[in-house]
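Dear colleague,

I am passing on a structure for you to look through, and my notes on the salt bridges follow it. Please keep it open beside you as you read.

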Amino acid sequence: MKKTMIFAAIAAAMTFSSCDDFLSEELRGTENIETYFQSADDVNSYVLGCYFQLDKYDWWQVSQVYLLEEMMTDNAWDGNTQQEDGYREVSHFYPTAPNNGILTNFWGARYQGIASCNTGIERVPGVEMNERQKNIRLAEMRFLRAFYYFDLVKNFGGVPLITTPMASAPGITRNSLEECYAFIEKELSDVAEILPQKSEYGAADMGRATRGAALGFLGKAQLYQGKFAEAKATLWKVIEENEYQLMDNFGDVWSVRHNNNAESIFEIQTKFEADPYNVGGCLTVISGCRECNVGDGWAWGQPSSDLENAYIAAGDTERLRWTIIKTGDRTIAGETRMSDYYNANKSKYVGTEAYKNYCKPVSEGGFGWASNTATTCFIADPSIHKSARIIRKFYVPVADRPEVYNIRKVQLNNRLLRYADVLLMYAEACNETNDDGNARTYLNKVRNRVGLGDVTSSGDELRQAIRLERRLELAFESNRLYDIRRWKDANGKTVMENLFGPNGSFVKYNTGENADMYEKANQGESSDKGIRFQAPRDLIWPIPVYEIEHSNYSITQNPGW
C-alpha cells in the first residue's frame with residue numbers, strides 16, 4: 001500500500017519540478033512555481049488542480065475512505081471475503097489501526113490538497129486578471145481548503161493547521177479541535193459572500209464551489225459541534241435562497257444521467273475518457289458485484305441486512321430498491337438489461353445448487369422470489385459476498401456504462417452534499433432548538449418525496465424520526481458514521497456506543513439466532529464485527545503512526561491508541 005505524508009505533501013505543492021540547473025537551462029516539459037502564475041489561464045488551470053485533489057488520481061487515496069466510513073457503521077460490511085485490503089483493521093476496531101495504510105493515505109491526500117490550495121492562495125493575488133474572477137478563484141481554493149480540513153477534523157480531531165506554503169514542517173504540532181473548527185467556519189462564512197450561486201454558473205463550470213456549498217458545509221460543521229442555533233440560521237439561508245430542489249424521483253438522485261442535478265449542491269466531477277486517462281469514478285467498480293460477469297467489481301462495502309431491515313420496518317420500499325441490490329432480485333431498479341444477468345449466470349449458476357438456493361422460488365424449495373415464472377435473477381455469490389448485497393446508489397445500468405468499464409472510467413459523480421441532507425440537517429437543528437413545527441415540515445418534505453406519510457410527533461420522538469430519516473435517505477453518502485458518533489441517548493451515551501461493543505445491538509443481532517442467513521453463513525468476514533469497539537477510543541481515528549514518527553513525535557496521538 002502506497003503511503004504519503006504531510007511533509008511530502010507540503011514539498012510537492014511548493015514546486016512543480018525539483019532539479020538543479022542543467023547546463024544553465026530550465027528543465028523543459030515541467031513548470032516552475034516561481035514563474036508559473038503569469039495569466040488568468042494559469043490561474044484557472046491551477047485551481048482545477050486543487051479540485052482534482054478531492055478524489056486524487058486513483059482509488060486508494062480517497063475513494064477507499066468513502067466506503068470505509070460506511071463499513072464502520074451498521075450500514076455495511078467490508079463485504080469481499082476473498083481478499084483483505086486493510087479495511088478490517090479499522091472497521092472491526094483492531095488496536096493496530098494507527099498503522100493502517102488507508103488512514104495514512106487519506107491523511108496525506110488531504111494535506112496534499114491543503115498544500116496545493118495554500119500555494120495558490122499565496123500566488124494568485126499577484127496575477128493580473130479580472131478582479132472579480134480572481135476573487136472567485138481565490139474563494140474556490142479557500143472553500144476546498146476548508147473542506148479538506150473538515151474531512152480531517154471530523155475524523156482525527158484537532159490537526160496541524162497549516163495555512164501558508166512551507167518547504168518543511170519541523171516540530172509541527174496539532175491545533176486544538178476548537179481552533180480547527182473556528183478556521184473552517186470563518187473560511188466557509190467568508191467565501192459564501194464571494195462565491196456565485198449555482199444558477200450563475202454556465203454548464204462548463206458545473207461542479208465548482210458555490211455559495212450554497214459553502215453555506216451547506218458551514219451548517220454541517222456547526223451541527224457537528226452542537227451549535228444548533230447557528231446551524232439553523234445558516235441552513236435556512238440555503239433553503240430561503242431557493243437555488244435547489246428535491247428531485248421528483250429518488251431514483252434520479254444518483255443516476256449517471258442526472259449528474260449535477262437540481263438537488264446537487266456539491267459533487268466530485270467525473271468524465272469517461274479512453275486510456276490512458278483516469279478521470280472517471282471509482283466507486284461503481286470498487287463496490288460492484290464480484291465475479292458477476294456483467295461488469296465485474298471488487299465487492300467492497302456491502303449493505304447490511306440491518307440496513308435493509310430498517311427500510312422494511314419503515315415501509316420504505318422506494319429508497320430500499322434504489323439503495324440495495326440483493327441476491328435473488330428479479331429486477332434491479334433502473335436496469336433495462338436483466339437478460340444480461342441471466343446470460344452471465346447461465347453457465348455458472350443455472351441448474352446448480354447455488355441457482356436453486358439463491359434464485360429458485362420458495363415454492364420450489366429455494367429461498368429466492370415467490371413467483372414461479374421467473375427466469376433470471378441477480379446473483380452476488382454468497383460464498384464470496386458477506387451479505388450477498390451491493391450498493392445500488394453506485395451501480396450504473398449496463399446500457400449506461402462506458403466502453404471501457406474499469407476502475408477510474410465510470411462517469412458517475414460522487415455526491416458530497418445534496419439538498420435532502422440540508423433539509424434534514426435543518427429539521428434536526430429546529431428540533432434541537434424547540435422549533436418542532438419547522439422540524440416536521442422539512443422532515444416531511446423528504447419523506448413525502450418517496451411516498452411516506454407525515455410524521456406528527458414532537459420532542460424526542462421527533463428527534464428519533466429525524467435520525468432514522470437521515471439513515472434511510474443518506475445511506476452510503478458519508479453521513480452515518482459522523483451522525484452516530486455525535487448523537488447521544490438520554491443517558492449521554494453516543495449511538496455508536498449502543499451499536500457496537502460486546503453488548504452493542506448491531507453485534508448482538510449479527511451473532512444471534514435471528515441473524516441474516518447470508519451474513520451468518522459466510523464467516524470469511526466475522527459476524528462479530530464491532531465487538532472490539534471501545535469508547536472513547538473508537539469515536540475518532542488514530543493519527544497515523546507514520547506521521548507521528550516523521551514529525552519527531554511533535555504530533556501527538558489521540559487518547560487510547
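**Salt bridges in the model**

R449 and E473 form a salt bridge in which the closest N and O atoms are 2.9 Å apart. R449 lies in helix 17 (residues 436-449) and E473 in helix 18 (residues 459-474), so this pair ties together parts that are 24 residues apart in sequence. Please bear in mind that this is a predicted model. R449 counts as buried at 13% relative accessibility, and E473 is buried too, with a relative accessible area of 0%. Both R449 and E473 also belong to a network of linked salt bridges, whose other members include E263, D316 and R319.

Another salt bridge joins the side chains of R389 and D516 (3.0 Å, N to O). Since R389 lies in strand 5 (residues 389-391) and D516 in the loop between helix 21 (505-511) and helix 22 (517-521), the pair ties together parts that are 127 residues apart in sequence. R389 counts as buried at 1% relative accessibility, and D516 counts as buried at 11%.

The side chains of E187 and R145 also meet in a salt bridge (2.9 Å, N to O). Here E187 lies in helix 8 (residues 177-192) and R145 in helix 7 (residues 131-156), so the pair ties together parts that are 42 residues apart in sequence. E187 is buried, with a relative accessible area of 6%, while R145 counts as buried at 5%.

In total, the structure holds 49 salt bridges, and side chains of opposite charge can pair in this way when their charged atoms come close.

Conventions. Residues are numbered from 1 along each chain as its sequence is written. This is a predicted model: local features need pLDDT of at least 70, side-chain atom pairs count only at pLDDT 80 or more; totals for chains, interfaces and linings use all residues. Side-chain values use heavy atoms; hydrogens and water are left out. A salt bridge is a side-chain nitrogen of Lys or Arg within 4 Å of a carboxyl oxygen of Asp or Glu. Helices (H or I, at least four residues) and strands (E, at least two) are DSSP runs, numbered from the N terminus. Buried means under 20% relative accessible area, exposed over 50%, partly exposed in between (1.4 Å probe, protein chains only).
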